[in-house]
Amino acid sequence: MRKRQYLATVLALGLMGAGGLMGCGDDDGGDGTPDSGRVDGGNDPVDGGGDENDGGNTPECGEQGETTVSGDISTNTTWTCANEYRLTAPVFVTNNAVLTIEPGTRILGDDGSHLVITRGARLVADGTAEAPIVFTSSRAEGSRGRGDWGGVVLLGRAPINVEGGEDNIEGLPATEERGVYGGTDAAHNCGTLRYVRVEYAGDVIGEDNELNGLTLGACGTGTVVDYVQVHNGLDDAFEMFGGTVNLRHVVASSMDDDGLDWDQGYTGSVQFAIIQRGNSSSADPNGIEADNLRASPAAAPISEPTVYNLTVVGANNAAVTNSVGMVLRRGTHGHIFNAIVVGFGEAGVEIPATVDPDGDGPLPAIPDPSAAAAASGDLEVENSIFFNNGVAFSSGAAQTAFSMAGAMNQTETNPMLSMPYNLTAPNFAPAAALTSGAATPAGTGIDATATFIGAIRDAASDWTQGWTAYPAE
């Protein structure tokens, strides 16, 4: 039977659910990355390009070619790995619809395109380590770059601290009604992203108005973000605008701006996170940039995430004096434990002394409430290792709060990470598990067995292997 006839038969029988397509998995390279065309490029002399168990009749990832997508998706829709999907313009999932993307599927973004999951809709992109789902540039390999397309935006109904409880998401026009997020449902479900890569995304609309690799606006605890990499983005890798979403096993690599950015009252948790700085044109490319709310730094709910098992890697260049491992400011609270911060030319942690409420200078700067939070224990950085930074803690509040003996921070210990500064083939595992001084993780949904410092225990338990990738272009 011809392969296209076979696929039509499968569709007619309704057998296109998860696992219904054999061959939508890894390529022959053994790196966990699904091939953009056939699994083996069609050159295997044994099976002629089909699955070796069925005589070559099973359709494989991308073999049917490219499907273009634009406009609204208003009914439940499934994208399978038998096709590649090319976003030629902004795509909005609306009307409470669910967009399901099967393992191994590739989504290509054109300039000016982005994928927005509006409030009430959901994205279910549930890949596997062997067949991750990849959002990437539509340009040919070798000519791809940051900002080739807009990125992925998930909007929910969890609380934010903006006046009125709702806002229009950054990166879209303020008049775009489909860009509204915020509400009162802390458990809101924006969807599932598991074993997903987002590459070459981001778009700058104007000053302080950008699309990120993955934007999470008011997503709640029902949302799953686990084993997700954002690579080579133009702005931030992950940005949480309020909400309560929890992140697990996330990698932010070679982004132009920040790795993790939270504001507007974000109160979720993060565990097992890697941030690797690449070359950057940003004025302040930081590992973490944490705010409450610039216009009203004491607005409630106050940003107060819990973060465990974090590895933050700078450019390892002393001349790069505008980059900080963690900038904690504008009233944020938070609890950060078991972190490794290495290679930042300016500092490991900074808490600015003042905050400019409107961002452009006319209003007088006021003392940053984050400094008082550090003194009171509402902002903590403890049980962590800071090595090879300009200074561990910038002067002022960070130095006072985080250098105390009770904070259990280490500033002269080399964590002995394998190849943290390699931008194309990094290895973030330490030579041995760093358990001395580690805190015992605690909190709802947090893995309490991860009693080590850093995102990875050791080489034998490196959760990044097989599904991440670090292409330069």
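The dialogue below takes up the nonpolar cores, a disulfide, a loop residue and a helix.

Tutor: This is a predicted model, in which local features need pLDDT of at least 70 and side-chain atom pairs count only at pLDDT 80 or more, while totals for chains, interfaces and linings use all residues. Residues are numbered from 1 along each chain as its sequence is written, and side-chain values use heavy atoms, with hydrogens and water left out.

Student: Which residues have the most contacts inside the largest nonpolar core?

Tutor: In soluble globular proteins, nonpolar side chains tend to be buried together. A nonpolar core is a set of buried Ala, Val, Leu, Ile, Met, Phe, Trp, Tyr and Cys residues joined through side-chain atoms within 4.5 Å; buried means under 20% relative accessible area, exposed over 50%, and partly exposed in between, with a 1.4 Å probe and protein chains only. Here the largest such core has 70 residues, and Phe238, Leu247 and Phe402 have the most contacts inside it. A second, separate core of 21 residues includes Tyr227 and Trp467.

Student: How many disulfides does the structure hold?

Tutor: A disulfide is a pair of cysteine sulfur atoms within 2.5 Å. The structure holds one, formed by Cys190 and Cys219 with their sulfur atoms 2.4 Å apart. Cys190 lies in the loop between β11 and β12, and Cys219 in the loop between β15 and β16, so the pair ties together parts that are 29 residues apart in sequence. Helices (H or I, at least four residues) and strands (E, at least two) are DSSP runs, numbered from the N terminus. The torsion about the S-S bond of Cys190 and Cys219 is about -100°, so this disulfide is left-handed. Both Cys190 and Cys219 are buried.

Student: Is Thr244 buried or exposed?

Tutor: Thr244 counts as buried because its relative accessibility is 10%. Thr244 lies in the loop between β17 and β18.

Student: Which residues of helix α2 are buried?

Tutor: In α2 (residues 369-376), the buried residues are Ser370, Ala373 and Ala374. They lie on the same side of α2 because they cover an arc of only 100° around the axis, the arc being that of the directions from the helix axis to the C-beta atoms. The face turned away from that buried side carries the exposed residues Ala372 and Ala375.
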